[in-house]
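User: I'd like to go through this model with you before I set anything up. Where would you begin?

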Amino acid sequence: MNNEERIYKDYHTYLRLERSMSDNSVQAYEQDLQKLRTYCSEHDINPIHATFDDLQAFVYDYFGERSNVRSQSRIISGIHSFYRFLLYHNIIEQDPSELIEMPKKEFHLPDVLSIEEIDAMIAQIDLSSPEGHRNRAIIEMLYGSGLRVSELVNLKLSNMYRTEGYMMIEGKGNKQRLVPISPEAEKWFQFWLEDRCHLDVKTEFADIAFLNHYGRQLTRAMIFTIIKRLTAAAGIHKNVSPHTLRHSFATHLLHNGADLRIIQQLLGHEDITTTEIYTHVDIQDLRKAVLQFHPANTKKN
């Protein structure tokens, strides 16, 4: 075994033992490293002593017009890992991959439901079923208050100030915020509470607002299932999840004139830029605004 092959063998050991990677992860890293080795072999480059320009050329050559950010990120991460290993073990004096940038993550805005589509979902709820009032209250809470699914399943009765029309929500990082309860959500929640009284509620879940028919806390997966079933029954062909209702809540508020700062507080975003990502303006709205308000389009002939 020559010295170069020993280095690759040591790298394998490093991934397995020092970084405690799974077999699948080790295999993925080594496969990505093999892509670099193949490129270097074709260009008469020793990968162990590759320069920044060599690595940059490999990245451009390998990906070309490919736009799969996940694949790019994985391979570049593997490159960084290999050269950090070489640097750490004093095989090289400087990491040539240090300035290789990770690609920017693709960002796809989630689908937004129209009011008509939300009404169509609601129309699919069988209010005569044991969980009918509960499911209606869940939809009203997600869409009417913009709750995260984790906030909904962990909502406590003791944090609901229904007389005042507010509820205390425990969000990310255990940060609390007051969120209004819409009149429609309050109405259906009251119906659900009457049904809830007939459940055999387990002691440890006595303070949890939404329960399954066994008297236990609903899971996130169950909320997803409820939403998916209603969406399918309504004939909606969008990728709808509980988060879609939260995003629709924010988007509809914005389109109806709510201040972005207010939406930020309602959603529990620490940074206003996060709220800006959740809210978007339809391209037709932009065109309509220009036609309606720009002086070049409003002056009389």
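Analyst: I would begin with Arg16, which is partly exposed at a relative accessible area of 38%, where buried means under 20%, exposed over 50% and partly exposed in between, using a 1.4 Å probe and protein chains only. This is a predicted model, in which local features need pLDDT of at least 70 and side-chain atom pairs count only at 80 or more, while totals for chains, interfaces and linings use all residues. Residues are numbered from 1 along each chain as its sequence is written, and side-chain values use heavy atoms, with hydrogens and water left out.

User: OK, and which residue does Arg16 form a salt bridge with?

Analyst: The partner is Asp23, with 3.6 Å between the closest N and O atoms; a salt bridge here is a side-chain nitrogen of Lys or Arg within 4 Å of a carboxyl oxygen of Asp or Glu. The structure holds 13 of these salt bridges.

User: What about Arg74 and Asp32, what is the N to O distance there?

Analyst: Their side chains meet in a salt bridge at 2.8 Å, N to O. Arg74 lies in helix α4 (residues 69–88) and Asp32 in helix α2 (residues 23–42), so the pair ties together parts that are 42 residues apart in sequence. Helices (H or I, at least four residues) and strands (E, at least two) are DSSP runs numbered from the N terminus.

User: Switching to the inside: which residues touch the most other members of the largest nonpolar core?

Analyst: Met141, Met167, Phe210 and Ile223 do, out of 38 residues in that core. A nonpolar core is a set of buried Ala, Val, Leu, Ile, Met, Phe, Trp, Tyr and Cys residues joined through side-chain atoms within 4.5 Å. The elements giving two or more residues to this core are α5 (115–123), α6 (132–145), α7 (149–153), β2 (166–170), α8 (183–196) and α9 (220–233). A second, separate core of 28 residues includes Tyr14, Tyr39, Ile48 and Phe63.

User: What is Met141 in contact with, beyond its neighbours in sequence?

Analyst: Setting aside residues within four places in sequence, Met141 is in contact with Gly146, Leu147, Leu152, Leu155, Met160, Met167, Ala185, Phe189 and Phe210, where contact means heavy atoms within 4.5 Å.

User: Now the sheet. What order do the strands have?

Analyst: It is an open sheet of three strands in the order β1-β2-β3 with antiparallel pairing, and two strands pair if DSSP finds at least two bridges between them. The edge strands are β1 and β3 (176–180), each of which pairs on one side only. β1 and β2 are paired over two bridges, and Met160 has Met167 as its bridge partner in β2. Five bridges join β2 to β3, with Met167 standing opposite Val179 and Met168 having Leu178 as its partner.

User: How many residues sit between the strands in the two hairpins?

Analyst: The β1–β2 hairpin has four residues between its strands, and Gly165 in that turn has a positive phi of about 80°. The β2–β3 hairpin has five, with Gly173 in the turn at a positive phi of about 65°.

User: Last topic, the whole chain: how many helices and strands, and what share is buried?

Analyst: The protein chain has 14 helices and three strands, and 40% of its 301 residues count as buried. Among contacts between residues at least 6 apart in sequence, 56% join residues at least 24 apart.
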